Amino acid sequence: MRATANSPEALRDQLRSVFSRAKVPTNPAIAMEILRLADDPNSTAEQFAQAIRADAALAARLLEMANTAMFAQREPVTTIKRAVTLLGLRRIRMVALGFQLVSHLDRLGGSPFDLKTFWQHSVLRACLAREATATVVPTHAEEAFVIGLLQDCGTLLLVQVLGNEYAEVHASSLTPTAFYHEEKKRFPYDHAEAIHALAQEWNMPDVIAEPLGRHHQPTALTEESSEIDRLAAVSYFVGSLPLAGDLTLAGKEPGLRKYAADQLGLDEVTVQGCLQRAGDAYGQIAPLLADQLPKDLDVTELLDEANRHLSREATEAAARVEEVEAERDLIRDQQYQLKSALGQYRERAARDPLTRLLNRGALVDATLACARDCFDNGAGMAVLFLDIDDFKFINDKYGHHVGDEILRMLADTVLEAIVNAGFAGRYGGEEFVVVLPGLEESDARRKAEQLIEKVRDARPSGDCPSLSITVSIGAVWGQPGAETTPEELFSAADELMYQAKLRGKDRLCFKELPPPADRGASSPDEITTQDFRRIAIELNKSKPKRFASMRKRERQGLLASCDVRCFVSGAATVRTYAGFVRNISTGGLGVLTTRPMLRGEPIEVEIDEKSEQRPLLFLAGLVAFCRHVKDGIYEVGVQLLAQGKEPIIARDATSLKEQQEWVQEALYASHGTGGDLRESA
C-alpha cells in the first residue's frame, strides 16, 4: 500500500530520507572524550578530571557549579578532581551531553530560527515537566524530563522537511497552541506527529513516545487513567504554556490553569511552586551550556546522539530498577523471616514450658481478647478453673517426675476435650484455666462435665500407668459485662472450684453470672455524656499514679465528648463507640469509653466539633493500657501516632493495604493477623 502525501507513513519515509542524507559533524574532541568515558563502565573520576582539564571553559563551568549553594561546601572547590567527585559521574555525563547538543546547533541552512531560545525553552519545559510529574505521576518524573526536552524537537525536523515557510511561521509570535493549530491548517504534518514518528522509528518506549505525540491534545483523566495518559496530560499542560524570551510566562493560555487544576490536581499555588522549582533547576543547567552558537549544525545528528544517550540512560535506569526490586524483594523476605521469628518467639514466650499451654500472662491477655470479642458480638463465655485433686500427695509419694507427667497428661486431655471450642492455660502449679467462648449455658456446662469424665478415664504413662487422676472444676458462664475482667472471672471460678473440693472433689460447681445490669452497671447504650463527664472529673481530681507523675510530657485536663473507633470481628470492620476525652499531651491521650481495649491495638478518636465548640479533630495511635473504672466505663490510654482534620484509619478495613503501615503492624500483632495463640493452643 502506497503512503499518501500526508500520512504518518509518508512522514516517516521523509524523515528516513533526511537522516540518510545527514553528514557526520565534527564533534568537539573534549565532549567526545567525556562521552567515551561515559560509555565505559570502568572509567574513573580521575579519568574524567583529566579529560575536563583539557577544556578551560568546561572546567570553569564545572568548578562554578560545584561552588554553588546547592552543594553547600565549607571550603571553595578549587580542583577539577574534587569537582568531579562532588558533582558525580551522572551529572558530568549530563553536562557533556549538553555540550554535545549545543555543539550541533546550526542556522538550518539560513532558515529564520532562533535556536538558542528554542533550546532554552526545551530545557525549561523539561524541568517543568519533571516538577509537575513529581506531583502527578512521581514514578515517571525522569521520563517526563525527556518528554519535555523532546516534545518541540519536531519543529527542527519539519524545518528540514517543509523549508523556510514553516520556519517563518514558527518564528512568528504565536502561542504554542496557536502555532499548533496554524500547522494543522497550513501544512501536511505538525511537529507533534513528527516527533512521535521519530520516537517510533527509534523504538522509544510507549511511556515516552505516546505523550510526545499527544502533547497538544488535552487528555481527560479519571481514576482509571493509565500512567501514559497522565504523562500525556502533563505533556499537554507543559507544551501549551507560552514562554517569553526571558523564560517567563508570556500571558495566560485560556483554560490552561483550569485544566491543570481539574485534570492534574495542580492548583495555582502548586503551579507557581512547580514553575519556581523548574526555574531553579534550569538555572543550574543553563550555565553549563555553551554561550555561543557554533557555525555548523546537523539537527539529525543532534537528535541521533541524544537518542543514543537517552536509550543508554533508559537501559541503566531499567537495570537500576531491577536492582532496587531485587533489594526490595530481599528486604521483604527478611521482614517475613523476622516476623515469622518474632511470631515464634512470642509463642514460645507465651507458653508454659512443661505443658505447652498458655502461661498465666498470655492466658490473661487471651481471655481479655476473648471477652472483648464476645462483648462485640453479644455472645456468652464460660471460664473453667481446674485443680488436680491430691496433687501434693502424688508428688510426695511418687516423686516430681511423676507429677510432671501428670501435668502433661492433663494438658493433653484438656486440649483433646476442647478442640476447636476454646483455649487453655496453666494458671500456676496444678491449676489450669479453660475458656470456652460462644457457647450457651447448657453447652458450657456439658463441656465441663465431659472434661471431668475424660480426666477420670485418662492414665499417665511412665512409672504409674494405673494411677487414677481426678480434678475439681469451678465454672462460671454469662454474657460478658463491661466490668467483667479476666481477673474477676478467674476469681469467681476459683471460688467455685474450692466449693467443689469441699463437696468431695472430682466434681463440678457451675454458676451462671447475673447480667451486667443486675450487678449495678449500665448498658453501653444507657451511659450518657454526663456519666462520662462525672467520672472524667473524678479521675482528673484524683492523685495520679506514680508512673504518671514521672511522664516527660505531662497531660493537661481536657473534657470533650468524642467517638472512639477500633477494629472488631477479626480486624475485618471498624466500629464506633461513644467516648469522652479526659486529658491530652503532645504524645498521649486519655479516653473513657464503653468498650474494653487490648494493649497495642490501633484506635482513632474523633473529638466532636459540637462539643465545647472545638474544631473537628482526629487523633490516632495505639492503646497503651486499658482498665475498668466503674459502671461499665473503661479508661484507655492512647499513645498518639497521627493527627489531622480528616479521618486517619480507613473505614473499610477489609484490606490491610488501605491502612497506614503502623496500623497494619498493630493489626498484625493485636488481632492475630500473623497467627492467634488462642487458636494454636
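## Overall composition

Helices and strands are taken here as DSSP runs, helices being H or I runs of at least four residues and strands being E runs of at least two, numbered from the N terminus. On that basis, the secondary structure of the chain comes to 26 helices and 11 strands. The model is a predicted one.

The chain has 681 residues, of which 48% count as buried. Among the contacts in the chain with a separation of 6 or more, 67% are accounted for by residues 24 or more positions apart.

## Packing of α14 against α15

Helix α14, residues 227-240, packs with helix α15, residues 256-264, at an angle of about 165°, and their axes are 10 Å apart. Because angles over 145 degrees count as roughly antiparallel, α14 is roughly antiparallel to α15. The crossing in which α14 passes α15 is left-handed.

On the α14 side, the contact is formed by A233, V234, Y236, F237 and S240, which meet L256, Y259, A260 and L264 of α15. By residue class, the contact of α14 with α15 comprises eight nonpolar residues, one polar residue and no charged residue.

## Packing of α18 against α22

Helix α18 spans residues 360-377 and helix α22 spans residues 486-502; the two pack at an angle of about 105°, with axes 9 Å apart. Since 65 to 115 degrees counts as roughly perpendicular, α18 is roughly perpendicular to α22.

From α18, the residues L363, V364, T367 and L368 take part in the contact, and from α22 the residues P486, E487, L489 and F490. The residues of this contact of α18 with α22 divide into six nonpolar, one polar and one charged.

H191 belongs to helix α12, residues 191-201. Its relative accessible area is 1%, and H191 is therefore buried. The side chain of H191 makes a polar contact of 2.6 Å with the side chain of E183. When residues up to four places away in sequence are not counted, H191 touches Q151, D152, G154, T155, L158, Y166, F179, Y180, E183, H215 and H216.

V159 lies in helix α9, residues 154-162, and counts as buried at 4% relative accessibility. For V159 and H170, which are 11 residues apart along the chain, the C-alpha separation is 9.1 Å.

Which side chain makes a polar contact with the side chain of R426? The partner is D352, at 3.3 Å. R426 is located in strand β2, residues 423-428. Buried means under 20% relative accessible area, so R426, at 17% relative accessibility, counts as buried. Leaving aside neighbours within four places in sequence, the contacts of R426 are D352, L354, T355, L357, L358, N359, R360, L407, E431 and F432.

R595 is placed in the loop between β8 (588-593) and β9 (602-607). With 0% relative accessibility, R595 counts as buried. A polar contact of 3.3 Å joins its side chain to that of Y577. Leaving aside neighbours within four places in sequence, R595 is in contact with R372, F375, D376, C566, F567, V568, Y577, E601 and Y634.

## Positive phi in two loops

Most residues other than glycine have a negative phi. R356, a residue other than glycine, has a positive phi near 65°. The position of R356 is in the loop between α17 (299-349) and α18. R356 counts as partly exposed, at 42% relative accessibility.

D390 is likewise not a glycine, yet has a positive phi of about 55°. D390 is found in the loop between β1 (381-388) and α19 (391-398). At 42% relative accessibility, D390 counts as partly exposed, because that category covers the range between the 20% and 50% limits.

Methods
Residues numbered from 1 in each chain as written. Predicted model: local features only at pLDDT ≥ 70, side-chain atom pairs only at ≥ 80, totals over all residues. Heavy atoms only, no water. Axes fitted to C-alpha atoms, helices over the stretch in contact; angles between N-to-C directions. Parallel < 35°, antiparallel > 145°, perpendicular 65-115°, else oblique. Left-handed = near helix turned anticlockwise from the far one by under 90°. Contact = heavy atoms within 4.5 Å. Nonpolar A, V, L, I, M, F, W, Y, C, P; charged D, E, K, R; others polar. Buried < 20%, exposed > 50% of the residue type's maximum accessible area, 1.4 Å probe, protein only. Polar contact = N/O pair within 3.5 Å; in protein donor to acceptor, adjacent residues only side chain to side chain.
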